[in-house]
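Here are my notes on the model you sent over.

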Amino acid sequence: TVAWRVDLGDRPSFGELLSRVDDAVTSSEPYLRYPLHDVLEGLDPHGDRLWTELFSCTFQWNKTSRMIDPRLVTAMTSNEGVDRADVGTMQLEPFALGVGRSSVELGVGIDEIDEQLIATFEYATDLFDAQMISRMARHFEAILAGGARDPDRPVAALDMLTEDELDELRSVQRSNVVDHDLDRPIHALIEDQVRLHADRVAIDAADESLTYGELDERSSLLAARIIHAGVGRGDLVGIHLEQASALPVAVVAVLRSGAAYVALDVGVPKQRLRFVCEDADVRAIVTTRGLAAELPDMVTEPVAVCVDELDDSPEHANRPLPEDIAGDDLAYVSYTSGSTGRPKGAAVEHRSAVNELLAMASRPGFGGDDAMLAITGLSFDISMVELVLPLVTGGRVVVVEREVSADPEALRD
């Protein structure tokens with residue numbers, strides 16, 4: 001047994017992969033005289049994990065040079081089997097060979113007999129079951145067949161699924177197709193629920209509860225304030241709010257103003273907030289007086305729009321809101337954590353968010369009698385579902401404070 005590695009990082013063709021494997025096998029031949037057990041013992045006399053750290057899968061090719069009775073080959077390759085086969089003066093009967101405990105996670109053996117290849121899979125039952133291995137064997141055969149037909153095709157581009165599996169996949173895809181109107185923006189769906197259920201509770205939070213009618217009134221007023229601050233269609237607006245009733249109101253208001261929102265979560269380092277504001281060219285920040293005071297170097301430019309300073313003056317209450325926002329307008333930008341480098345913003349259009357929301361409303365399902373906990377910070381993409389899915393379906397969003405969401409006992413109560 002010799003351990004070797006083949007690099008697939010540059011997307012080699014099937015033929016190139018075979019060439020690399022051949023080179024690896026050829027170059028390892030001088031080491032076949034050294035038992036692997038002795039090599040491992042010499043490397044780490046007291047270790048018991050070096051074997052699995054070197055490799056977890058094995059491959060063995062056995063070529064039989066003499067003719068074998070065709071009935072024996074049939075017995076080995078057919079599910080029907082035969083009672084016995086004659087090889088010279090011997091009579092052979094096939095039987096299942098148990099291996100007891102597998103020495104590797106996965107082992108594949110190929111026996112070449114008379115122009116036929118017979119594959120045997122040895123596997124650890126803690127990781128695989130018979131159904132998984134049977135599926136793996138079908139996929140292995142499909143990749144080999146595809147590579148033989150087109151050896152210049154990259155291995156990563158070879159079809160792995162069988163025709164039966166592809167037909168099943170197409171059938172599932174056809175059955176899941178739902179005709180959504182993706183040209184309407186998110187807030188238009190919420191406005192539909194306002195017209196249908198103005199007196200139904202839309203938002204539950206520790207500070208207050210709001211009906212759909214009250215949500216419509218406050219988000220409209222806040223949207224007007226955002227526009228008055230100089231924000232235009234397609235601009236980015238930061239939302240820097242605690243987990244309270246104002247959070248979903250702010251999300252809806254930014255969308256109704258024609259802008260897209262960017263999460264500026266409370267409690268994250270100020271240098272990240274500053275970076276996001278600069279990178280996204282944020283034009284305004286929806287926040288509160290108290291939170292704005294904590295960010296003196298960030299609220300002069302962009303402009304701070306405080307949700308606790310709203311008024312219903314005619315200048316704001318009667319300001320018309322844009323009505324031509326479409327599916328290809330930007331809805332929000334979600335920034336990565338930056339754990340692997342510089343944070344990057346992913347832009348999401350209304351049509352993409354609407355598609356996800358309506359798909360989830362259909363399956364697993366969400367309706368007017370349902371409620372959803374909003375426990376995730378706005379910077380996480382799933383927060384869109386938590387905050388908005390209930391509002392586009394006539395349901396109820398329950399906004400959970402940060403301290404409660406971090407305490408399982410409090411959250412359960």
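1. Which residues does L291 touch, not counting residues up to four places away in sequence? The answer is H240, L241, E242 and V266, where contact means heavy atoms within 4.5 Å. L291 lies in helix α11, and at 9% relative accessibility L291 counts as buried. For burial, the cut-offs are under 20% relative accessible area for buried, over 50% for exposed, and partly exposed in between, with a 1.4 Å probe and protein chains only. L291 and L241 are 50 residues apart in sequence, yet their C-alpha atoms are 7.5 Å apart in space.

2. A word on what you're looking at. This is a predicted model, in which local features need pLDDT of at least 70 and side-chain atom pairs count only at pLDDT 80 or more, while totals for chains, interfaces and linings use all residues. Residues are numbered from 1 along each chain as its sequence is written, and side-chain values use heavy atoms, with hydrogens and water left out.

3. Now the overall picture. The chain has 16 helices and 15 strands; these are DSSP runs numbered from the N terminus, with helices being H or I of at least four residues and strands E of at least two. Of its 413 residues, 36% count as buried. Among contacts in the chain with a separation of 6 or more, 62% are between residues 24 or more positions apart.

4. Have a look at helix α7 (residues 186–196). With 8 of its 11 residues buried, α7 is largely enclosed by the rest of the structure. The buried ones are I186, H187, A188, L189, I190, D192, Q193 and V194. They pack against α8, α9, β12 (330–335), α13 and α14 (382–393).

5. One of those partners is helix α13 (residues 350–365), which packs with α7 at an angle of about 45°, the axes being 9 Å apart. Axes here are lines fitted to C-alpha atoms, for helices over the stretch in contact, and angles run from 0 to 180 degrees between N-to-C directions. The pair is therefore oblique: under 35 degrees would count as roughly parallel, over 145 as roughly antiparallel, 65 to 115 as roughly perpendicular, and the rest is oblique. I186, H187 and L189 of α7 meet H350, A353, V354, L357 and L358 of α13. By class that contact has 6 nonpolar, 2 polar and no charged residues, taking Ala, Val, Leu, Ile, Met, Phe, Trp, Tyr, Cys and Pro as nonpolar, Asp, Glu, Lys and Arg as charged, and the others, Gly among them, as polar.

6. Next, helix α8 (residues 212–228) against helix α9 (residues 246–256): the angle is about 55° and the axes are 8 Å apart. These two are therefore oblique to each other as well. On the α8 side the contact includes L215, L222 and I226, and on the α9 side V249, V252 and V254 are among the residues involved. In this contact 9 residues are nonpolar, 2 polar and 3 charged.

7. For helix α10 (residues 270–280), the buried residues are L273, F275, V276, C277 and A280. They pack against β8, β9 (260–263), β10 (284–287) and β12.

8. On to charges: a search of the whole structure finds 17 salt bridges, each a side-chain nitrogen of Lys or Arg within 4 Å of a carboxyl oxygen of Asp or Glu. One of them joins D192 and R184 at 2.8 Å, N to O. R184 is partly exposed, at 27% relative accessible area, whereas D192 is among the buried residues of α7. D10, E16 and R20 are linked in a network of salt bridges.

9. Another bridge pairs E242 with R402 at 3.2 Å, N to O. E242 is in the loop between β8 (236–239) and α9, and R402 is in helix α15 (residues 402–405), so the pair ties together parts 160 residues apart in sequence. Both are partly exposed, E242 at 32% and R402 at 35%.

10. Last one: R289 and E309 form a salt bridge, with the closest N and O atoms 3.9 Å apart. R289 sits in helix α11 (residues 289–293) and E309 in the loop between β11 (303–306) and α12 (314–317), 20 residues apart. R289 is partly exposed at 45% relative accessibility, and E309 is partly exposed at 37%.
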